[in-house]
Amino acid sequence: MLRSMTKCLLTNPVSVCRRTMSHSSLVGKTAIITASTDGIGLAAAEALGQRGAHVVVSSRRQVNVDQAVSLLLSKNIQVTGTTCNVGKSEDREKLVQMTVEKCGGIDIFVSNAAVNPYFGNIMDSTEEVWDKILDVNVKAAFLLTKLVVPHMEKRGGGSVVFVSSVAAYQPMQALGPYSVSKTALLGLTRALAPELAHSNIRVNCVAPGVIKTRFSSALWQNEDIVDEFKKQLAIKRIGEPAEIGGVIAFLCSEDASYITGETIMATGGISCRL
């Protein structure tokens, strides 16, 4: 059997290459990515767009949306942009409705939006802090999923990816509530996956380590923190947004067609477990 497979590979390299390309191709797909005008969200939009998807990017500020759209258009990516505060129900509904009207449907949803309004001892965090973090980081992720699922079902299936964090496994000092919210996304992934599998919708999660983004700049711009963090890393450097964008694009492609309910840790080799 191995001999025949090898012969096939040697005699049909072009057809093998074409099949591989078709599996990773997202031509004809529409992808919504929240908080996608910078950092990991923008990298995900670029990775999905480079594979042929029409990407819908959003941010709370129009100027950020305009800049992201201009950048992606310069790279020949099909893109639509709009403002959206995922913490507001009217904005969530507007984002989904606009996507359906302009793009004809939804195939991919990447939930990347997150906030962290608090830095300090978890015992000093207030109810308002918890409400804000859970509303945006967890509740909005679920409610947007609930909105996009009917449109994915009309297309015969789809893919949902939640962006969590290494903090889900190893809560970071002074980032207690944020870390808890990211752990919740691991559970949300596992809870939704079997519920949506019958609709051919896969649900997965990515848990990045410390990535060089504006959101995490307080960590990677502090040399003492970086040096301490690197002691836990097998790959002795801070990650780049594109390295997470590629993982997200993989999970949304046919190459990951048998993967659901999983969290991929892209942490540079940190040993993580709950």
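Me: Which residues form a nonpolar patch on the surface, and about how much accessible area do they have together?

Reply: Good place to start, and please keep in mind that this is a predicted model. The patch consists of Ile122, Met123 and Val180, which together have about 300 Å² of accessible area.

Me: Where does Ile122 lie, and is Ile122 buried or partly exposed?

Reply: Ile122 sits in the loop between strand E4 (108-111) and helix H6 (127-154). Its relative accessible area is 37%, so Ile122 is partly exposed.

Me: Let's turn to helices. How should I read the packing of H3 and H10?

Reply: The general idea is that two packed helices are described by the angle between their axes and the distance between the axes. Here, helix H3 (residues 39-50) packs with helix H10 (residues 241-252) at an angle of about 50°, and their axes are 7 Å apart. H3 and H10 are therefore oblique to each other.

Me: What is the handedness of the crossing where H3 passes H10?

Reply: The crossing is right-handed.

Me: Now for charges. How many salt bridges does the structure hold?

Reply: In general, side chains of opposite charge can pair when their charged atoms come close. This structure holds four salt bridges. Let's look at some of them. Glu46 pairs with Lys75, with 2.9 Å between the closest N and O atoms.

Me: What does Asp107 meet in a salt bridge?

Reply: Its side chain meets that of Arg155, at 2.7 Å from N to O. This pair links distant parts of the chain, 48 residues apart: Asp107 is in the loop between helix H5 (89-103) and E4, and Arg155 is in the loop between H6 and strand E5 (158-163). Asp107 has 6% relative accessibility and counts as buried, while Arg155, at 33%, counts as partly exposed.

Me: And which residue forms a salt bridge with Glu243?

Reply: That is Arg237, and the closest N and O atoms are 2.6 Å apart. Glu243 counts as partly exposed at 37% relative accessibility. Arg237 is partly exposed too, with a relative accessible area of 40%.

Conventions
Residues are numbered from 1 along each chain as its sequence is written. This is a predicted model: local features need pLDDT of at least 70, side-chain atom pairs count only at pLDDT 80 or more; totals for chains, interfaces and linings use all residues. Side-chain values use heavy atoms; hydrogens and water are left out. Patches are made of residues with over 30% relative accessible area and no salt bridge: like charges are joined within 9 Å, nonpolar side chains (Val, Leu, Ile, Met, Phe, Trp, Tyr) within 5 Å. Accessible areas come from the Shrake-Rupley method with a 1.4 Å probe; for residues, only the protein chains shown count as cover. Helices (H or I, at least four residues) and strands (E, at least two) are DSSP runs, numbered from the N terminus. Buried means under 20% relative accessible area, exposed over 50%, partly exposed in between (1.4 Å probe, protein chains only). Axes are lines fitted to C-alpha atoms, for helices over the stretch in contact, and angles run from 0 to 180 degrees between N-to-C directions. Angles under 35 degrees count as roughly parallel, over 145 as roughly antiparallel, 65 to 115 as roughly perpendicular and the rest as oblique. A crossing is left-handed if the near helix is turned anticlockwise from the far one by less than a right angle, and right-handed if clockwise.
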